[in-house]
Amino acid sequence: MAKKNDDFFKEKKPWSEVKDELLGCYFKPYVSKILHTYKPLVYVDCFAGKGKFEDGKPGSPIIALDIIKDCMKNTRMNSVQISTNFIDLNYADDLHENLKDYPDVNIISGKYEDTIVDLLSDKNGCNVFLYIDPYGIKALQCSLFDNFAMGRFNSIELLINMNSFGFVREACHAFGTTYKDVSVFDDLIEYDSTKMDASEKSIAELDDIAGGDYWQPIIQDYKKNNIDGYEAESLFAEQYCNRLKLSYSYVLNMPLRIRKGQRPKYRMIHATNHRDGCLLMVDNICNRWQALQEIQTCGQLTLWEENCENQIVDDEDIEKKTIEHFSQYKNYISLYEALAAFFIKHGAICSTSIVKGIIKRLEKENRIEVVRNPATTKRGKPSSFMDEGKGKTIKIRWLQ
């Protein structure tokens, strides 16, 4: 059974370390980039907790605030507007104490699902970033995510910690069965695990969380022993991401395991409608995967490079996938649009630089045309850059 977690904030666990690293390493370049939209940034930590752990390590609120502080210090932009908001039902007093050194922090005592709509109601035209790391799964109502996507914001990005095994476990309860491999939950730290029972009410609640009933055949198959628990979790996670894609163009997920060969306990899911955010997160996932591998292997070297699915990175397979994907573009398309579509199709199987390197080689072999603007450097030499933005654009098309 999942551990009751009265001591959740006593010590920062490896799970929290990796989750917060993923947030921190993405959030810094995100803030730097989003400031150049000249639109206000609204950051919301929807389940903020205490702000820091009792062992002195920072929680997600302090990590985000320190990043914003650094970005503000280093920018030359004037009149930057950033609103930081921290929601928590139980620890508002702790947040006030632990965040007292940070100015203009908005601390909201209440439930995310009861307060978020009102909080965002007057944020039209803003860039909104929501960090959603819930205590259980009940608060993850998919309809709220749909509503966010329809908001009149300049942009919106979600980073969601989805306890996918917790969902499968409770879905089993709703269908009158139990998840057989209880050892999966032995070291799963849940602050307030969701409890479902065999009732229509529970099934309706799970439909609300999943955003549909697509999960039900998966659990029925598991109940009939047609698939095992890992397959059930993997199928659910895949279809959950597909469901989010109805509202968000780019959805990525990173399975989090604490030991090699272990089933993922969580999935961090990133949803956005902006290709640049998607590509930024791909590289962040790859970088954070290295950190997670060090935890999994206790710092020991591994013989083979692996991706975030604990699969051996196969250079030939990545090249094959790259050629298959980019050969469909007979007409010009933005490199970044094509790259984002590649990673949405295959997941974060490698960094963006690896695929760019393959494209550059294909360019030399005259198999792909790359049109850069500006076409030449300041010294009059042909441009060779592979990054878009800051006045630079790249169009590509497949030649042969």
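Let me begin with a definition: two rings of Phe, Tyr or Trp, taking the six-membered ring for Trp, count as a pair if their centres lie within 6.5 Å, and the pair is called stacked when the planes are under 30 degrees apart, edge-to-face when they are over 60, and tilted for the rest. What we are looking at is a predicted model, in which local features need a pLDDT of at least 70 and side-chain atom pairs count only at pLDDT 80 or more, while totals for chains, interfaces and linings use all residues. Residues are numbered from 1 along each chain as its sequence is written, and side-chain values use heavy atoms, with hydrogens and water left out.

By that ring rule, the count comes to 22 aromatic pairs. One of them is formed by Phe167 and Phe236, which are stacked, with 4.1 Å from centre to centre and 5 degrees between the planes. Phe167 lies in helix 6 (residues 164–174) and Phe236 in helix 9 (residues 229–244), so this pair ties together parts that are 69 residues apart in sequence; helices here are DSSP runs of H or I with at least four residues, numbered from the N terminus.

Elsewhere, ring pairs link Tyr26, Phe27, Tyr30, Tyr43, Phe86 and Phe129 into a cluster.

Let me turn to helix 8, residues 215–223, whose buried residues are Trp215, Gln216, Ile218, Ile219 and Tyr222. They cover an arc of only 160 degrees around the axis, taken from the directions from the helix axis to the C-beta atoms, which puts them on the same side of helix 8. Among the elements that cover these buried residues are helix 6, helix 7 (200–210) and helix 9, where contact means heavy atoms within 4.5 Å. Just after helix 8, Asn225 takes a positive phi of about 65 degrees.

Finally, the cysteines: with a disulfide defined as a pair of cysteine sulfur atoms within 2.5 Å, the count comes to 0 disulfides. Cys126 is buried, with a relative accessible area of 8%, and Cys142 is buried at 0%.

Definitions and conventions. Buried < 20%, exposed > 50% of the residue type's maximum accessible area, 1.4 Å probe, protein only. Helix = DSSP H or I, 4+ residues; strand = E, 2+ residues; numbered from the N terminus.
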